[in-house]
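Please walk through this model with the coordinates open.

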Amino acid sequence: MELDSDPHILLTNDDGIDAPGIRALHDALSAVGTVTVVAPDRNRSAVGRSLSYGRTGSSTDDDLSLDLAADSFTAAVPHTDHELGYAIDGTPCDCAIVGAKALEPAPDIVVSGCNSGANLGAYVFSRSGTVSAAMEAAFLGTPSIAVSMDTLGYDVALEPTDFERAGEIAAALVGGAAGTGLFDRVDYLNVNVPRPDCEPNGVAITRPTEVYEMDAAFENGGFELTNRLWQQMANRDIPDDEDTDRHALLEEAVSVSPLRVPYDVVDTEPVRRILGDVL
């Protein structure tokens, strides 16, 4: 899909419409296109690709049962007007769908972010609300960019000015893509920007790392989860290949991963034979 030179930009996130990252991207993107914000009315981080569709009641209800007959395959997505656009009582993917399908004119591109915290590795795509909103747009045929900023170890209250580099990168990508055919070749970009206190170290075109590790234990009568990767990342000690997103970020470079929406079918003769024998 070719981008217009003056694109209509749908901006969303998962940190909520009042987060500093989305304000920074709104201001930066307004210089290269017309921006409409459709974002969650509160923090909805790490909800993945969940939707409000088919759920009974509002997203604050404890009852999340399905009642498709009563809902007739339609669910209300409540909103309130906001100075930036629309604050949605829903998930990031709800926002991507509403913005792509319910607004006129339809967006030429969707930008999701800027997230407070990096979104790195193949495993994160189905977990991150930021990346999931970009993926949802891509599945709907709208090119998209997910933008996140590393904050690990940056223990200060974030302001929109901290996301200045992220805004510059997002604006450069949206403003520079027109006429290039980029989004005829890729569905979405996953962008990760180093911490704001890091010296710029260029831009790296990367692939998502496949290194992943989570631990669990039963301690003191309860279960615990431990994210070993974040421990290692805090120590700047992860064995990632040089062409991966996390390696680039630890080298204080901006990571840009050009991606297709995931749909890899393993269609080989051994797999067919095994499944044929089993079934």
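**Strands, cores and salt bridges**

Val37 stands opposite Gly85 in E4. This is a predicted model: local features need pLDDT of at least 70, side-chain atom pairs count only at pLDDT 80 or more, and totals for chains, interfaces and linings use all residues. Residues are numbered from 1 along each chain as its sequence is written, and side-chain values use heavy atoms, with hydrogens and water left out.

Stay with E4. Strand E4 (residues 85-88) pairs with E2 in the parallel sense over four bridges. Two strands count as paired if DSSP finds at least two bridges between them. Helices (H or I, at least four residues) and strands (E, at least two) are DSSP runs, numbered from the N terminus. E4 also pairs with strand E3 (residues 79-82), in the antiparallel sense and again over four bridges. Here Asp81 has Tyr86 of E4 as its bridge partner. A hairpin of two residues connects E3 to E4.

Now go inside. Which residues touch the most other members of the largest nonpolar core? They are Leu25, Leu29, Val147 and Val191, in a core of 32 residues. A nonpolar core is a set of buried Ala, Val, Leu, Ile, Met, Phe, Trp, Tyr and Cys residues joined through side-chain atoms within 4.5 Å. Buried means under 20% relative accessible area, exposed over 50%, partly exposed in between (1.4 Å probe, protein chains only). At least two residues of this core come from each of several elements, including helix H1 (20-29), strand E6 (144-149) and strand E7 (188-193). Helix H5 gives the largest share, five residues. Apart from this core lies another, of 18 residues, among them Tyr123, Met135, Leu249 and Leu259.

Val147 deserves a look of its own.

Next come the charges. Side chains of opposite charge can pair when their charged atoms come close. A search of the whole structure finds ten salt bridges, each a side-chain nitrogen of Lys or Arg within 4 Å of a carboxyl oxygen of Asp or Glu.

Take Arg49 and Glu136. Their closest N and O atoms are 2.5 Å apart. The pair links distant parts of the chain: Arg49 is in the loop between E2 and H2, Glu136 is in helix H4 (residues 129-139), and 87 residues separate them. Arg49 is partly exposed at 33% relative accessible area, whereas Glu136 is buried at 9%.

Asp187 forms a salt bridge with Arg260, with the closest N and O atoms 3.2 Å apart. Asp187 lies in the loop between helix H6 (182-185) and E7, and Arg260 in the loop between E11 and helix H9 (269-278), so the pair ties together parts 73 residues apart in sequence. Asp187 is buried, at 17% relative accessibility.

Arg207 bridges to Asp241, the closest N and O atoms being 2.8 Å apart. Arg207 is partly exposed at 30%, and so is Asp241 at 45%. Shared partners also join Asp41, Arg42 and Asp89 into one salt-bridge network.

Leu51, Tyr53 and Phe73 make a nonpolar patch of about 300 Å². Leu51 sits in the loop between strand E2 (34-40) and helix H2 (68-71), and is partly exposed at 30% relative accessible area.

Note on methods
Patches are made of residues with over 30% relative accessible area and no salt bridge: like charges are joined within 9 Å, nonpolar side chains (Val, Leu, Ile, Met, Phe, Trp, Tyr) within 5 Å. Accessible areas come from the Shrake-Rupley method with a 1.4 Å probe; for residues, only the protein chains shown count as cover.
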